[in-house]
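Please have a look at the model first.

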Number of protein chains: 2
Amino acid sequence: MPIKPLLNYIDKFVTLTEKEQDSVSSKVVYRKYLKGQYIVQQGDVCKYQCYIVSGCTRTFYVDENGQEHIIMFAIEDWWTSDVGSYITQTPADYNVQCIENTEMIQISYDIREVLFKEIPKLERFFRMIIEKGFVASQKRIVRNFSLSAKERYIIFKESYPKIEQRIPQYMLASYLGITKEFLSKIKSQLILEK
Amino acid sequence: MPIKPLLNYIDKFVTLTEKEQDSVSSKVVYRKYLKGQYIVQQGDVCKYQCYIVSGCTRTFYVDENGQEHIIMFAIEDWWTSDVGSYITQTPADYNVQCIENTEMIQISYDIREVLFKEIPKLERFFRMIIEKGFVASQKRIVRNFSLSAKERYIIFKESYPKIEQRIPQYMLASYLGITKEFLSKIKSQLILEK
DNA sequence: AAATCATAGTAATCTAGTTTAACATTTATT
DNA sequence: AATAAATGTTAAACTAGATTACTATGATTT
């Protein structure tokens with residue numbers, strides 16, 4: 001069954017009985033998206049918290065000048081959502097778009113509440129994964145302040161070696177908070193330095 | 001009893017029985033710090049998640065060049081901690097220091113685990129507050145990328161009108177990710193514009 | 001195979017924000 | 001009240017990164 005990867009993931013944090021696993025499996029939704037499709041669009045309410053089985057998504061924000069700013073990428077074994085919109089069920093600030101054909105397991109807000117009542121251990125699970133997300137987010141703030149664009153690029157490559165090859169360079173530039181031209185310059189500098 | 005503000009805060013998210021409230025009160029620790037004292041220091045394990053009853057703290061990171069970068073401020077009715085260190089009980093990346101005399105209610109990691117076992121509803125409570133923190137943290141990343149320093153300063157004033165008067169300007173500059181000299185320039189520009 | 005579109009590279013010019021350094025003001029200490 | 005310490009201001013020179021604009025390449029479509 002295509003829900004297995006999620007159950008394995010949960011099992012790293014809390015232990016569910018077989019019955020509980022079955023209940024989770026029966027309530028979450030497995031779904032495939034094509035490259036280019038949107039999971040959430042700025043202005044819509046974000047319906048799901050999504051565990052990615054395969055593929056890649058980007059979360060981005062379009063500002064008043066029409067400029068895109070990529071907040072995060074997510075690949076297999078990661079989660080994605082517009083958490084702010086999801087937890088308050090209000091219009092999303094961000095877009096989540098598939099940049100590869102992507103398989104994911106989706107948990108709607110209401111279903112998650114049902115699951116929380118039925119399996120209180122899942123409160124613990126979701127607490128633990130959001131804590132991890134919070135820590136990663138704070139680290140990113142620090143890096144953006146204390147490191148140069150070149151250093152941030154190098155750290156990105158080290159931290160997520162799998163992602164760089166899968167995304168266009170202009171998206172990586174946006175994630176790093178620089179223009180595509182400047183990333184291009186950094187890359188040619190790094191080649192010369194060797 | 002000095003634990004009441006925390007109980008009021010929790011009550012906004014989950015409802016505890018009187019017995020449960022008593023249990024929380026008996027396990028958490030009320031404590032006063034003087035201006036300048038540290039709650040956590042970079043390299044030590046962060047022992048507590050702290051609810052601030054009164055006062056003000058700053059969380060900052062000292063980089064390899066000895067430069068301080070302020071990640072967040074916290075005032076009464078907020079939480080502070082080095083969450084990464086706290087949840088993994090490994091050395092902290094950040095310092096948390098009181099910048100006013102501060103009263104807080106502290107929950108140690110072990111005590112929190114005991115409370116989770118005894119009162120599973122608290123998993124829900126902590127999940128909810130960390131979700132809020134995560135959302136705020138992501139918003140800050142977006143703002144840092146899409147807004148100029150002047151715009152960030154204006155938004156800070158609007159968002160946290162109480163904080164600016166309580167902290168030295170060089171700390172606000174650090175929080176905004178700019179030098180104190182440049183913040184000074186921004187302020188004089190804003191005065192001229194009126 | 002031509003044509004279009006999305007992606008990437010290069011280089012000149014420009015600007016937001018940094019650095020350095022000198023000076024001013026406020027707050028704390030004796 | 002005098003001195004020192006911490007905080008804030010101003011301005012000139014500098015730099016990381018943006019902007020603009022043109023060229024190159026590969027992928028996709030017709």
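This is a predicted model: local features need pLDDT of at least 70, side-chain atom pairs count only at pLDDT 80 or more; totals for chains, interfaces and linings use all residues.

Which side chain of chain B meets Arg124(A) in a salt bridge? That partner is Glu113(B), at 2.9 Å from N to O, where a salt bridge means a side-chain nitrogen of Lys or Arg within 4 Å of a carboxyl oxygen of Asp or Glu. Residues are numbered from 1 along each chain as its sequence is written, chains are lettered from A and ligands numbered from 1 in the order in which they are written, and side-chain values use heavy atoms, leaving out hydrogens and water.

Between chain B and chain A the count is 8 salt bridges. Contact, meaning heavy atoms within 4.5 Å, joins 36 residues of chain B to 36 residues of chain A. The area buried between them, that is, the accessible area (1.4 Å probe) lost on being put together and summed over both, is about 3400 Å², with carbon and sulfur atoms giving 66%. Of the area that chain B buries against chain A, Arg127(B), Phe134(B) and Phe145(B) supply 19%, more than any other three residues.

Turning to the helices (DSSP runs of H or I, at least four residues, numbered from the N terminus), α2 of chain B, residues 18-27, packs with α4(B) at an angle of about 170°, their axes 11 Å apart. Axes here are lines fitted to C-alpha atoms over the stretch in contact, with angles from 0 to 180 degrees between N-to-C directions. That makes α2(B) roughly antiparallel to α4(B), a term for angles over 145 degrees.

Terms used: Buried area is the accessible area (1.4 Å probe) that two parts lose on being put together, summed over both. Helices (H or I, at least four residues) and strands (E, at least two) are DSSP runs, numbered from the N terminus. Angles under 35 degrees count as roughly parallel, over 145 as roughly antiparallel, 65 to 115 as roughly perpendicular and the rest as oblique.
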